[in-house]
Amino acid sequence: MTYKIDKEEGEFIRKFFPIFGVGYCRKKLNKTTSQIESYVLNNNIKSNRNYNCNIRDYLDIDNPNVIYTLGFLWADGSLSKSSKNSYLISVTVTKRDEKYLKKVLKKWNDFKWGIFNRPAFKRIYKGQEINGKPCTNFYLSDKYISTFLVNNDYLIKSGASADKIISQIKTELKYLFFRGYFDGDGSISYNNNYRKVQFSSCREQDWTFIIKLCKELFIHYAIYKKSPNKLGNSSVVEISRVNDCIRFLDYIYQNRENDNIGYTRKYNRYKQFDIKPIIKTSQYKGVCFNKFKKINPWVSYYKGKYIGCSNTPENALKLRENHIQSIIDKNANTINQIN
């Protein structure tokens, strides 16, 4: 750090101090607060409090880490009033996920997110006891960034669509927003018989931005309301066709090996997602797949009569063979009795 402000640094302060203030100039020029304030005072530089900030002059929203965070904040972030013209931006994650988000937020050039660790806790919500896990809260107090978020519906995101903020992002980088949103509110589940990608939010959530993406990617989806649980009602977008699930995950995880942005634990589930193919036809006579049965979907029949069901076509075939053998044995016993 140098202690003298040269001509170029002085021009920078004259240009940006009236707009962004001491903190911004201090970080950009690697100076102390007192150096900036002394220069401002000696040169009679005034603050322009009514300046309408162009966020691209202040925050690099083409930065992949910033785009990912904007998606994550749409899922799990919150804004709370911190002063007359500013909000506190915060997001809370479990301790096991702290490392993923911390790595991303560190790459927000010139902005330092605060960190607060919270121990496990218990609380009563709607008459139910909820056991909270140890978690980490990341927070940032910045007038221009919080105003940008408010102007793009982050204050009302529980009942709004994310179209405004997505329109601010370059088309070729939008997948990073959806990756961040998926890490916050999305889930992957699968076994031998089904694949499923879900987004869950409050009952009033406007899913227009997810619907638009599904249509662009030619993905089938379903939206339904979940019955109340201990946390209340919820709304869910579900993608259940295997090819549609893979198409969506391929989209959000493109370039993941290079950028290394986001939850590694979810990315690893994506890589395991299609290891076991879904077989819905049987080579065995009298055995078929029932898509409406999530448990033991392989059904055995003999001469049109239902015999039983199992978790694999081989086990279902065994049920059928045992049933046929029992009929043969029964008939043999009847013949022996007659003779």
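Tyr181 and Phe199 are both buried, where buried means under 20% relative accessible area, exposed means over 50% and partly exposed lies in between, with a 1.4 Å probe and protein chains only. This is a predicted model, in which local features need pLDDT of at least 70 and side-chain atom pairs count only at pLDDT 80 or more, while totals for chains, interfaces and linings use all residues. Residues are numbered from 1 along each chain as its sequence is written, and side-chain values use heavy atoms, with hydrogens and water left out.

Rings of Phe, Tyr and Trp (for Trp, the six-membered ring) are taken as a pair if their centres lie within 6.5 Å, and planes under 30 degrees apart count as stacked, over 60 as edge-to-face and the rest as tilted. By this rule the count comes to 23 aromatic pairs. The rings of Tyr181 and Phe199 have centres 5.3 Å apart and planes at 20 degrees, so this pair is stacked. It links distant parts of the chain, with Tyr181 in helix H8 (residues 174-185) and Phe199 in strand S8 (residues 195-201), 18 residues apart; helices (H or I, at least four residues) and strands (E, at least two) are DSSP runs, numbered from the N terminus. The rings of Phe177 and Phe178, by contrast, have centres 5.7 Å apart and planes at 85 degrees, so that pair is edge-to-face, and both Phe177 and Phe178 are buried. Ring pairs link these four residues into a cluster whose members also include Trp74, Tyr154, Phe182 and Phe248.

Arg256 lies over the face of Tyr267, at 4.7 Å from the ring centre.

A nonpolar core is a set of buried Ala, Val, Leu, Ile, Met, Phe, Trp, Tyr and Cys residues joined through side-chain atoms within 4.5 Å. Of the 82 residues in the largest such core, Phe177, Phe248 and Leu249 touch the most other members, and the largest share of this core, 9 residues, comes from helix H1 (residues 7-29). Apart from it lies another core, of 5 residues, among them Val287, Phe289, Ala316 and Leu317.

We turn next to an open sheet of 3 strands, with the order S11-S12-S13 and antiparallel pairing, in which strands pair if DSSP finds at least two bridges between them. Its edge strands are S11 (287-289) and S13 (305-310), each of which pairs on one side only. S11 and strand S12 (residues 298-302) pair over 3 bridges, and Trp298 in S12 is the bridge partner of Phe289. Val299, also placed in S12, is buried, with a relative accessible area of 3%. Its contacts (heavy atoms within 4.5 Å), not counting residues up to four places away in sequence, include Val287, Cys288, Tyr306 and Cys309. Val299 and Cys309 are 10 residues apart in sequence and 4.2 Å apart in space, C-alpha to C-alpha.

Elsewhere, strand S1 (residues 77-83) and strand S2 (residues 86-94) run antiparallel and are joined by 6 bridges. A hairpin joins S1 to S2 through 2 residues, and Ser86 in S2 is the bridge partner of Ser83.

Definitions and conventions: Lys NZ or Arg CZ within 6 Å of the ring centre and 35° of its normal.
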